[in-house]
Amino acid sequence: MAIVLGRNRYGKAETRLVHVRRGGDRHDLVDLNVSVALSGDLAATHLSGDNAGVLPTDTMKNTVYAFAREHGVGAPEAFGLLLARHFVTTQPQVSAAKISLESYGWERLGPHSFRRSGDHVRTAVVTVAEQGTQVVSGLKDLVLLNTTDSEFHGYPRDRYTTLPETTERILATAVDARWRHRGDAADWDDSFAGAKQALVEAFVGTYSHSLQQTLYAMGQRALESRPEIAEIRLALPNKHHYLMDLSPFGLDNPQEVFQAGDRPYGLIEGTVTRDDVSPASAEWYL
C-alpha cells in the first residue's frame with residue numbers, strides 16, 4: 001500500500017479591501033472580502049519542504065491591494081478575473097487560481113457619505129484553470145418573508161410525526177443563491193441586479209405548497225430572465241414561525257401573533273439548470 005498526496009491548494013483568506021474612487025466631490029465606495037486559493041505543481045513543499053514553488057500568501061494579500069490601486073475596483077467578478085489571471089500567468093507552477101469575494105453594500109447618503117446596507121451580501125467565485133474560466137455570482141443572507149399564500153400538508157406520517165398540517169402559514173427564508181455564468185464577459189452589475197430581482201419576484205409571486213416548490217420557481221425565474229446564467233443553486237433555510245397559543249390568557253389568535261424560531265430549522269437545497277448546458281463540477285459553488 002502506498003500513501004500519496006491528494007488534491008491540495010493554499011492561499012490567503014479574507015483580505016479586507018475598501019476602495020474609494022475619488023471623482024471630485026463625489027466619491028464611490030467598494031467594500032470587499034477577498035480570498036485567494038492556488039493549486040498546481042505544489043507536491044515538493046508537502047513532501048520535502050521545498051518552497052521553491054510556494055508564492056507567499058503575504059504576496060497574495062499585497063497583490064489584492066496593489067491591483068486595487070493599479071486597476072481600480074468595479075464589479076467583484078471583474079476584479080476576481082484580474083487577480084486569477086495574474087496568478088496563473090505569472091506563476092508557472094500554478095495551474096488554477098480560485099478567487100472568492102464577498103461584497104458588502106453601502107447606501108449613499110451624500111456625495112461622500114454612506115450608510116452600511118445589510119439586507120444581503122453579494123458573492124462571486126472566479127476560477128481560472130487549464131480547463132477554462134468559470135464565474136459564479138451569488139448572494140447570501142437575503143431574508144424574505146410572506147405572511148400568507150403558503151401551505152404545507154399531504155406529507156407522509158409515521159409514529160414520530162407530530163407536525164400538524166396547515167393551509168395558512170408564514171413562509172420565511174434567508175436566501176443563499178449562486179449561479180454559474182455561460183461565459184466570462186457579462187455586464188456583471190446588470191446581471192446581478194437582474195438575477196436578484198428575479199429571485200425576489202418569484203418568491204413574492206409564488207403561492208407555495210412547499211419551500212421546495214418555491215425554490216424551483218425562484219431558479220426557474222432567474223434562468224428565464226437571464227440568458228447569461230447556465231444554472232443556479234439555492235439553499236433555503238425554513239425560518240419557522242410558530243403560531244402562539246393564547247387561549248390560557250382568554251385570547252384568540254387569528255394568525256397574528258407568532259414566535260420566530262431559531263433552531264433547528266429545515267434546510268431546502270436544489271439546483272435548477274438548463275437542459276442544453278454541460279453540468280459543472282460539484283465544486284463550483286463551494
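I started with Glu231, which counts as buried at 4% relative accessibility. The model I am reading is a predicted one.

**Glu231 and its partner.** I looked up what Glu231 pairs with. Glu231 forms a salt bridge with Arg180, and the closest N and O atoms are 3.1 Å apart. Glu231 sits in strand β7 and Arg180 in strand β6 (residues 171-181), so the pair links distant parts of the chain, 51 residues apart. Arg180 is buried too, at 10% relative accessibility. I noted the general idea: side chains of opposite charge can pair when their charged atoms come close.

**Leu234.** I stayed in strand β7 (residues 229-238), where Leu234 is placed. Leu234 has 3% relative accessibility; the cut-off for buried is under 20%, so Leu234 counts as buried. I checked its contacts beyond four places in sequence, and among them are Val175, Leu199, Met218 and Ile268.

**Other salt bridges.** How many salt bridges are there? I found a count of 16. Arg16 forms one with Asp31, with the closest N and O atoms 2.7 Å apart. Arg16 is in strand β1 (residues 10-23) and Asp31 in strand β2 (residues 26-40). Arg16 is partly exposed at 39%, whereas Asp31 is buried at 3%.

Next I took Glu77 and Arg122, a salt bridge with its closest N and O atoms 2.9 Å apart. Glu77 lies in helix α3 (residues 76-90), and Arg122 lies in strand β4 (residues 113-129). Both residues, Glu77 and Arg122, are buried. I also noted a network of salt bridges linking Arg21, Asp28 and Arg108.

**Ser103.** I ended in strand β3 (residues 94-110), which holds Ser103. Ser103 is buried, at 15%. Its contacts beyond four places in sequence include Asp31 and Arg122.

Methods:
Residues numbered from 1 in each chain as written. Predicted model: local features only at pLDDT ≥ 70, side-chain atom pairs only at ≥ 80, totals over all residues. Heavy atoms only, no water. Helix = DSSP H or I, 4+ residues; strand = E, 2+ residues; numbered from the N terminus. Buried < 20%, exposed > 50% of the residue type's maximum accessible area, 1.4 Å probe, protein only. Contact = heavy atoms within 4.5 Å. Salt bridge = Lys/Arg side-chain N within 4 Å of Asp/Glu carboxyl O.
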